Amino acid sequence: MKDKAVAKKKHEPLFHVVKRDDLAWWQVWLIRGFTIVLGVLLVIFFSMMITGKSFDKTFDIMFRGVFGRLMKGSTTMLWKYLQEIAILLSLALALTPAFKMKFWNCGAEGQALMGGLASIMCMIELGDRLSYPVLICVIAITSILAGAIWGLIPAIFKALFGTNETLFTLMMNYIATQIIAYYVYIKGGGSNVINPVEAGNFPKVGNNDYFVNIVVVAAITLIMYIYLRSSKQGYEISVVGESQNTARYIGINVKKVIIRTMVISGALCGVTGMLLVAGKDHSINVNSVGGQGFTAILISWLGQFNPFIMAIMTAIVVFLRIGVAKVADTALLNSSFSEIMVGLVILMLVGCEFFVRYSIKFKRKKEAKA
Amino acid sequence: MKQCAIELKNITKVFGKVVANKNVNLTAYRGEILSILGENGSGKTTLMNMISGIYFPDEGQICIDGEEAVITSPKDAFAYKIGMIHQHFKLVEAFSAAENIILGLDEGKYDLKASTEKIRAISEQYGFDLDPEKKIYTMSVSEKQTVEIVKVLYRGADILILDEPTAVLTPQEIEKLFAILRRMREDGKCIVIITHKLHEVLSLSDRVSVLRKGEYVGTVKTAETSESELTEMMVGKKISLNIDRSEPQNVEPRLVVEALDCCDRSGVKVLDNVSFTANAGEILGIAGIAGSGQRELLEAIAGLQQLQNGSIFYHNPKTGTVEELRGKTPLQIRELGVRLSFVPEDRLGMGLVGNMDITDNMMLRSYRKGRGVFVERKAPKELAKSIIETLEVVTPGATTPVRRLSGGNVQKVLVGREISASPTVLMAAYPVRGLDINSSYLIYNLLNEQKKKGVAVVFVGEDLDVLIELCDRIMVIGSGRITGVVDGRNTTKEEIGLLMTKTGEEGEK
Amino acid sequence: MIVQFLCRAILLGVPILYGSTGEIITEKSGHLNLGIPGIMYVGAISGVVGSFLYENACGNDIEKMNAALAILIPLLSSIVGAVLMGLIYSFLTVTLHANQNVTGLALTTLGIGLGNFLGASLISITKSELPSIALTKTSSFFSVKAPFADKLGPVGELLFSHDFLTYLAIAIALVASYVLNRTRVGLNLRAVGENPATADAAGIRVSKYKYVATCIGSAIAGLGGLQYVMAYASGVWSNNAFGDRGWLAIALVIFALWKPSIAILGSFLFGALCNANNYIQGLGAETQELFKMLPYVVTIIVLIITSMRKKREYQAPESLGLPYFREER
């Protein structure tokens, strides 16, 4: 009798997973913050492993790799860091309204490339024909338009036929890449490089190349925060994202919202393309966006649709990217090591959401049969 | 002496803060039909899910054939020859019936033909009408249920649990099902049927176990009990409803529906030549078996359904004009000045957004107000506050996501919002489903108040007692057709029940 | 000329076929694994590392190398690398219910980084002057052809002149097709992807199926990376050379309507489309770039057409991309 009970007991699960009641916001961010700290420590640990340097030394290289000689008054590296944040953040911001609507826009890369293409075309073709202010305006308008169109195409099919947007937007990326390759080949004379174009560059402010980019993205961050939180369109986006049934019930034209939101998302990606081309590289190639469209998806998701939190997340990711690359660099290792580390930290953050939503309940020790 | 098939000892199951089952004890024997009776939310389904391995009990024991059994998965349940037919069918829509039936089995070589033959044999034995090669997504509800039952029998189950099997069936189909169940009982199987319909309990089962709010109340033999005793066990003490009903005043047509036809996506007619009038200052009840077209009818009026035929006329009390609502979107209907409020059946999936707080849910109806591009949150906030106060919504605050509120409080929020728009037409689908007695009465009172204010109230209900005590007129719908309209003051449950079970053609006369 | 074109199309198509067969198996369990491109990178680099170590252990002397080991070591290390990636993905998405798209994309970042980092490290170890690492000896074992291929003329060349990984790819796709449609395991797996709650109620261990399908799918996809290095690139690894073939593999899944048997022909078509630019007379280099977008355009068209027709049999598994938690309330 007793043996049987013991034997049976083995089958009982040791623990099971239950859905949590909602945690308070600070508890949630405690979990996430803890994960980030843990992640950064792990990154430093791995960096120490491959370089054989001490903790202090590793952190020092990372820090100086990102901020340069900030203590000695040199801000060059800092501006570069901010610039990198600006580009990645602006892509993430562009994706956010679409994600909030539960529309998986995986096409930031392509939309930004098309925006960049429009910019470079204006710079090359119209550079010597238009006055500077007009040129800048034309660049802005065409870039926004190009990105918007690239976002509009999948949106129309999603709205009309429910075509899977994840895969559609992914495919659009590669079409954009090939168009860029085509254009670069023509303009680069077969060299796969377009030499930096002088016309239509964003102005330097002070001695700073990137000031305009940073200000533009800061403005977009603020505007996006207000748009999502307080505008009627932002409200419609949340309702459509939460429940299309409810949206229909209160008379929202779901198709219209899908299309409108994707036009906005694509247009903002187009802006990023413009910032990349007119504000930074003054040229374009197939790697101009460099896979940041995908990182932006992760940032937008990790930031929980809040632009300010997204900014913090971007700062962390870019810090790791530059810092770890520097560490690898000083040890004469390939800088792709930083991609691995960024991937690792993001995977940890993705995993930690589990503990936000669920808790593990261990089976209470059952007293012997009464 | 009958053999004990299932014995439950002190079963407790908790979800978050909700106690679904508390110290439940229960026994079922072979060769009998046991009914588990209880109101919505009394924990019947949770209890049965623990026997079939969907959930695992937090505390207590399950014994099968007198021995303690640990059932951690449906597979374990099959091993004990337990089969459950869920209320929401667990079928793979893209598969054929045969594929669904053999799903998850391990009987050697995969041979669909042999299985098909076996299915045909079982169908013949018990008198099912089933084509094993038919794909599920082309099947009717009753066909799907047949697949579910055959699936369980195919696995050799001799303990069958059926969760509200009659809710979606026509009376003929119910009779057929009961005949099959009786045949199984004679085969020596143990059959447990979950229900909240008393007459089914009395006509079918040998014994009845009653649950109330997750707790086990007791078991009685059907032959030795009565409807009133069972009701008392189910609801605690005998309650006469005593819903106030005032005399309708200033009755005039508000909504005139003529010859509506509506097809669902697969082209099946869900509304067939539906005509009726909803009057201002009165409550029109709509009775019928679940899924007879009630949802489509209300959605059609609200502008959410594509209609093949017919018209919906709204008599505007302010201007005296008559507006055609058919073919208009909800927004266009609003812009016509039609104050139509609609409490849909699916509260968190349609009427409210579960992840938003009460204030933001108030805005669903009003966010378009004002000219600017920004939403205005002040008025909705006030509204949220006043609803929380006047309807006594239990919530930590106006910023709590509504999905965290209990069913009754969710409904108060929804009804409160719909009424706050001072409507001229108020449609409510199953507004008291899953609510406790107090919340239910609050809703009845709210509906009555609206009626006194001269609103045309349309109330879709399932409890006939409530319909009879609350409504001025009751319209009965069966298979998408109107089978009759009766006066709420001098009708009987029997009369309505009869109309519900009529097919459309008879009712038209 | 035509035979050469077709052979080339097949050669180009095979990595994509591996990738999409793997992805089909994964998607049949209800998981959209956008980590496939990264997994294919890892499969490739693991194979490269394996064969690098073996070549070194043999003192870089082809005489000392055993044919069976030269093939098995890279093959197994490729599979192990890919399966580890698959395990990370399934642990996060199945056990921790993480968002599939986000996990997949992060995994792709990780995988490509891993490939390039290890590749660069190997390159620096060999002190090679080129930014690539050549494993031509191992590759020569991989690209053994049937001896009678040359004697049978063009048909023989078309049918029998390929490396064994090409035939393995076709065999795997056919087996996958058979398993999915004609076996109990396949039926169960499809049920898991269509409706996990139903599968669960039927006693199928949903999590196990998801894990196994994802890991087997990853292993197969990883082989695609290996085939690319060993057969297509003749054993030469250079960073980023694998390119966007992983995404093409995901595109092919849609194109093939989630059927491995169609994926075989589809992969050759994709190979041909990727390559058509080189064989059409009189194309400028710039137009060739435009031609390279053909596979993506075709995929989009297929995506649109299937979504318009809404035929049940041609759709993705019903609960693709949705997490499953049994006690969800």
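This is a predicted model: local features need pLDDT of at least 70, side-chain atom pairs count only at pLDDT 80 or more; totals for chains, interfaces and linings use all residues.

Biologist: Which strands make up the open sheet, and in what order?

Modeller: To read a sheet, go from neighbour to neighbour. Here 4 strands of chain B follow the order S12-S11-S14-S15, with antiparallel pairing. At the edges are strand S12 (269-280) and strand S15 (322-324) of chain B, each of which pairs on one side only. On average, neighbouring strands in this sheet are turned by 20 degrees against each other, ignoring direction.

Biologist: Which helix lies across S11, S12 and S14 of chain B?

Modeller: That is helix H9 (residues 294-301) of chain B, and it runs at about 60 degrees to S12(B).

Biologist: Now for strand S7 of chain B: how many of its residues are buried?

Modeller: For burial, we ask about the surroundings of each residue. In strand S7 (residues 159-163) of chain B, 5 of the 5 residues are buried, so this strand is largely enclosed by the rest of the structure. Look at the directions too: B:Ile159, B:Ile161 and B:Asp163 point one way, B:Leu160 and B:Leu162 point the other way, and all are buried.

Biologist: Which strands pair with S7(B)?

Modeller: Strand S6 (residues 82-85) of chain B runs parallel to S7(B), joined to it by 4 bridges. Strand S8 (residues 190-195) of chain B also pairs with S7(B) in the parallel sense, over 5 bridges. Follow B:Leu162 to see both pairings: this residue is the bridge partner of B:Ile85, and it stands opposite B:Ile193 in S8(B).

Biologist: How do I describe two helices that pack together, such as H4 and H13 of chain A?

Modeller: Start with the angle and the distance between axes. Helix H4 (residues 76-100) and helix H13 (residues 307-330) of chain A pack at about 130 degrees, with axes 9 Å apart. That angle is why H4(A) counts as oblique to H13(A). Their crossing is right-handed. Among the residues making the contact are A:Leu88 and A:Leu89 of H4(A), and A:Ala311 and A:Val318 of H13(A). By class, the contact residues comprise 12 nonpolar, 1 polar and 1 charged.

Biologist: At what angle do H12 and H13 of chain B cross?

Modeller: Helix H12 (residues 358-366) and helix H13 (residues 378-390) of chain B cross at roughly 115 degrees, and their axes come within 8 Å. This crossing is right-handed. The contact includes B:Met362 and B:Met363 of H12(B), along with B:Leu383 and B:Ile388 of H13(B). Its residues divide into 8 nonpolar, 2 polar and 1 charged.

Biologist: And between chains, how many residues of chain A are in contact with chain C?

Modeller: For an interface, take each side in turn. Here 41 residues of chain A contact 42 residues of chain C. Elements giving at least two residues to the chain A side include helix H6 (132-161) and helix H7 (165-187). That side has 27 nonpolar, 11 polar and 3 charged residues.

Biologist: What is the make-up of the side of chain C that touches chain B?

Modeller: In that interface, 21 residues of chain C contact 17 residues of chain B. Helix H8 (184-194) and helix H9 (196-201) of chain C are the elements that give two or more residues to the chain C side. By class, the chain C side has 7 nonpolar, 5 polar and 9 charged residues.

Notes. Residues are numbered from 1 along each chain as its sequence is written. Chains are lettered from A and ligands numbered from 1 in the order in which they are written. Axes are lines fitted to C-alpha atoms, for helices over the stretch in contact, and angles run from 0 to 180 degrees between N-to-C directions. Angles under 35 degrees count as roughly parallel, over 145 as roughly antiparallel, 65 to 115 as roughly perpendicular and the rest as oblique. A crossing is left-handed if the near helix is turned anticlockwise from the far one by less than a right angle, and right-handed if clockwise. Two residues are in contact if their C-beta atoms, placed from the backbone, lie within 7 Å. Ala, Val, Leu, Ile, Met, Phe, Trp, Tyr, Cys and Pro count as nonpolar, Asp, Glu, Lys and Arg as charged, and the others, Gly among them, as polar. A residue is buried if 20 or more other C-beta atoms lie within 10 Å of its own, exposed if 12 or fewer, and partly exposed in between; C-beta atoms are placed from the backbone. Two strands pair if DSSP finds at least two bridges between them.
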